[in-house]
Amino acid sequence: MKTAARRRAYGAEEAPYALPSRTGARATGRGAPYLFLLPATVLFALFFALPIGYAVWLSFRKVKVSGLGLGSGARTEVWAGLENYTAALSDSELLRGALRVLGYGCIVVPVMLGLALLFALMLDSDKVRLAPFTRLAIFLPYAVPGVVAALLWGFLYLPDVSPFYFVLDRLGLPQPDLLDGGPLYLALSNIAVWGGTGFNMIVIYTSLRAIPAEVYEAARLDGATPLQIALRIKIPMVAPSLVLTFFFSIIATLQVFNEPTTLKPLTNSVSTTWSPLMKVYQDAFGKGDIHAAAAQATIIALVTLLLSFGFLRASNRRQKQEAAR
């Protein structure tokens, strides 16, 4: 007994460390998620939340000019309230740009999503050949930067340098001017459709591949044709992906900027305020009125948020109604 007691005492004195308490372990475990989230939170605050807050703050300010506007204290920044927002909502050029973007979106969104769904269904077929190459070929335009794609298509639209116009001239066919009037919407929409179809196709195709094969087998045993399987099984089951791609397409349409800005030097039909974002850019860097531009940008962001929230809410309500049935 004495020997055992001595050994325990000696071991206790020579212990290299003490076991952590349960309270300390729980405290460390609770703080670990916040520690991992800290880098992302800091980056989000610095490069996303802070610029948004600064833009909103600028939208409530304006520059007051005293006298001739000369001298160190002649131009001061003062509180403007809702003056910039009132001016933006009554700006006819901004409203015309919104209408142009609406017409542009009515062409881009249905065509792009329709082609993406069609390509995804075709690639999901059992009879398709060279599926990896086809997927890459459809997705590859999405990897091309928007400015490069606009320059590429702008070269093909110009009558003097386009090989298509040369072929039409040799064949004696009419040569439409795609950079003037109504065809301009088709020309701009073609660039967006060419670049965005591949991304949406990948999203829809991934959802199709996640459908269990047993569902298709049961449908074939019931005598369903490939067309019936596509219309009654595949498309309804990838409805969440369609909603997601539609949501992304609406946001991209409201923020169209690269295509018209790149094509502007090639035609007089594209003004500096063709789209709302171009109007914001022109007011901020062309006229130097960053306060009015900030108010317009805030309005565009709010409209995008309201449309997105309304669409997602309507989609969720419809899904709940279908699930209740």
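Mentor: Begin with a cut-off: a residue is called buried under 20% relative accessible area, exposed over 50%, and partly exposed in between. Keep in mind that this is a predicted model.

Trainee: Is A98 buried, exposed or partly exposed?

Mentor: A98 has 36% relative accessibility, so A98 counts as partly exposed. This residue lies in helix α4, which covers residues 92-123.

Trainee: How far is the C-alpha atom of A98 from that of I300?

Mentor: The two C-alpha atoms are separated by 9.5 Å, although A98 and I300 are 202 residues apart along the chain.

Trainee: What span should helix α11 have, at 1.5 Å a residue?

Mentor: The expected span is 1.5 Å times one less than the number of residues. Helix α11, residues 239-254, has 16 residues and should therefore span 22 Å; its end C-alpha atoms are 23 Å apart, which agrees.

Trainee: Which residues of α11 are buried?

Mentor: They are S241, V243, T245, F247, S249 and T253. The buried residues of α11 pack against α4, α8 (183-209) and α14 (290-324).

Trainee: Now the rings. How is a pair of aromatic rings described?

Mentor: By the distance of the centres and the angle of the planes. This structure holds 14 aromatic pairs. One of them joins Y104 and W274, with 6.4 Å centre to centre and 85° between the planes. Planes over 60 degrees apart count as edge-to-face, and the pair of Y104 and W274 is edge-to-face.

Trainee: Where in the chain are Y104 and W274?

Mentor: Y104 is in helix α4, while W274 is in the loop between α12 (258-263) and α13 (276-286); the pair links distant parts of the chain, 170 residues apart. Both Y104 and W274 are buried.

Trainee: What is the geometry of the pair formed by W153 and W194?

Mentor: W153 and W194 are edge-to-face, at 5.9 Å centre to centre and 75° between the planes. W153 belongs to helix α6 (residues 146-157) and W194 to helix α8, 41 residues apart. W153 has a relative accessible area of 16%, so W153 is buried. W194 has 29%, so W194 is partly exposed.

Trainee: Which residues form one aromatic cluster?

Mentor: F60, W79 and Y85 do.

Trainee: And what sits over the ring of Y216?

Mentor: The charged end of K234 does, 5.2 Å from the ring centre.

Terms used
Residues numbered from 1 in each chain as written. Predicted model: local features only at pLDDT ≥ 70, side-chain atom pairs only at ≥ 80, totals over all residues. Heavy atoms only, no water. Helix = DSSP H or I, 4+ residues; strand = E, 2+ residues; numbered from the N terminus. Buried < 20%, exposed > 50% of the residue type's maximum accessible area, 1.4 Å probe, protein only. Contact = heavy atoms within 4.5 Å. Phe/Tyr/Trp six-rings, centres within 6.5 Å; stacked < 30°, edge-to-face > 60°. Lys NZ or Arg CZ within 6 Å of the ring centre and 35° of its normal.
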